[in-house]
Amino acid sequence: MAFDRTDAKRIIEALQLEPLPVEGGLFRQTWRSDSGDAVVGTATYAAFTDDPDCFSAMHKLTIDEVWHFYLGDPIELLILRATGEIERPTMGPSVLDGQRPQLIVKAGDWMGGRLAPGGVFALFGNTMAPGFHSACYTGGEAEALAADWPAAADDIRALTRPGAELHMPDGL
């Protein structure tokens with residue numbers, strides 16, 4: 001099912017999605033399980049729109065992250081594996097065309113994502129166990145990443161914000 005901007009706006013409002021600091025895109029944390037001082041697990045709704053600045057900037061986490069595609073247009077991801085490999089999976093509803101409904105990004109791998117060209121809106125989610133906390137996030141610098149993965153330099157630059165903050169604010 002294709003979504004237009006009106007549908008996207010209504011879904012964003014219904015799910016109470018807000019801009020995600022530093023990384024980008026829209027999100028709302030839907031589950032956070034704390035156990036004493038530790039965050040045991042977290043889950044979020046997230047979305048991309050066709051706004052040019054609505055993307056997930058290159059970053060890495062200290063915890064594995066599971067991505068779940070829910071609805072809308074396909075999402076392109078760039079994953080720079082700690083092993084040196086470059087992956088460009090597409091998440092979306094067309095499984096028989098190679099799109100994936102679920103994807104795991106391993107701890108320590110750099111990643112970023114955006115709508116596929118021509119897309120208007122995508123709703124997805126992320127789950128982490130142990131859960132997300134501000135200190136597990138490190139943002140990527142375009143030129144440093146491009147130097148290490150020159151074959152992905154154009155995509156890296158498209159998925160970074162020059163001069164942006166590279167660390168999440170406390171409390172997320």
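Q: In this predicted model, which residue meets Lys9 in a salt bridge at 4.0 Å, N to O?
A: The side chain of Lys9 takes part in a salt bridge whose N to O distance is 4.0 Å. Both partners lie in helix H1, four residues apart, about one turn of the helix. The partner of Lys9 in this salt bridge is Glu13.

Q: Is Lys9 buried or exposed?
A: The relative accessible area of Lys9 is 52%. Exposed residues are those over 50%, so Lys9 is exposed.

Q: How many salt bridges does a search of the whole structure find?
A: The search of the whole structure gives a total of eleven.

Q: How far apart are the closest N and O atoms in the salt bridge of Arg88 with Asp155?
A: Arg88 and Asp155 form a salt bridge. This pair links distant parts of the chain, with Arg88 in the loop between strand E7 (86-87) and strand E8 (90-91), and Asp155 in helix H3 (residues 153-158), 67 residues apart. Arg88 is partly exposed at 46%, and Asp155 counts as partly exposed at 22% relative accessibility. The closest N and O atoms are separated by 2.9 Å.

Q: Which residues are linked with Arg88 and Asp155 in a network of salt bridges?
A: Arg88 and Asp155 form a salt bridge with each other. Both also belong to a network of salt bridges.

Q: Why is strand E3 described as largely enclosed by the rest of the structure?
A: Strand E3 spans residues 38-49. A residue is buried when its relative accessible area is under 20%. Strand E3 is largely enclosed because, of its twelve residues, the number buried is nine.

Q: Which residue in E3 stands opposite Asp34?
A: Strand E2 (residues 26-35) and E3 run antiparallel and are joined by nine bridges. The two strands form a hairpin with two residues between them, and Gly36 in the turn has a positive phi of about 70°. Within this pairing, the residue opposite Asp34 is Val39.

Q: Which residue in E11 is the bridge partner of Ala43?
A: E3 also runs antiparallel to strand E11 (residues 121-128), with eight bridges joining them. In E11, the bridge partner of Ala43 is Thr127.

Q: What is the angle between the planes of Tyr45 and Tyr70?
A: The structure contains three aromatic pairs. Tyr45 and Tyr70 make up an edge-to-face pair with a centre to centre distance of 6.1 Å. Tyr45 lies in strand E3 and Tyr70 in strand E5 (residues 65-72), 25 residues apart. The angle between their planes is 80°.

Q: Is the aromatic pair of Trp67 and Phe124 stacked or edge-to-face?
A: Trp67 lies in strand E5 and Phe124 in strand E11, so the pair ties together parts that are 57 residues apart in sequence. Trp67 is buried at 1% relative accessible area, and Phe124 is buried at 3%. The ring centres are 4.8 Å apart with 5° between the planes, and the pair is stacked.

Q: Which residue forms one aromatic cluster with Trp67 and Phe124?
A: Trp67 and Phe124 form an aromatic pair. The cluster that holds both of them also includes Phe48.

Q: Which residue has a backbone oxygen 2.7 Å from a polar atom of the side chain of His59?
A: His59 lies in strand E4 (residues 56-61) and counts as buried at 0% relative accessibility. Not counting residues up to four places away in sequence, His59 touches several residues, including Glu23, Asp109, Trp110 and Tyr137. The backbone oxygen at 2.7 Å from its side chain belongs to Ala57.

Q: Over the ring of which residue does the charged end of Arg161 sit?
A: The charged end of Arg161 is 3.9 Å from the centre of a ring. The ring belongs to Phe55.

Terms used. Residues are numbered from 1 along each chain as its sequence is written. Side-chain values use heavy atoms; hydrogens and water are left out. Buried means under 20% relative accessible area, exposed over 50%, partly exposed in between (1.4 Å probe, protein chains only). Two strands pair if DSSP finds at least two bridges between them. A polar contact is a pair of N or O atoms within 3.5 Å; within protein, one must be able to donate a hydrogen and the other to accept it, and residues adjacent in sequence count only if both atoms are side-chain atoms. Contact means heavy atoms within 4.5 Å. Rings of Phe, Tyr and Trp (its six-membered ring) pair if their centres lie within 6.5 Å; planes under 30 degrees apart count as stacked, over 60 as edge-to-face and the rest as tilted. A charge sits over a ring if NZ of Lys or CZ of Arg is within 6 Å of the ring centre and within 35 degrees of the ring normal.
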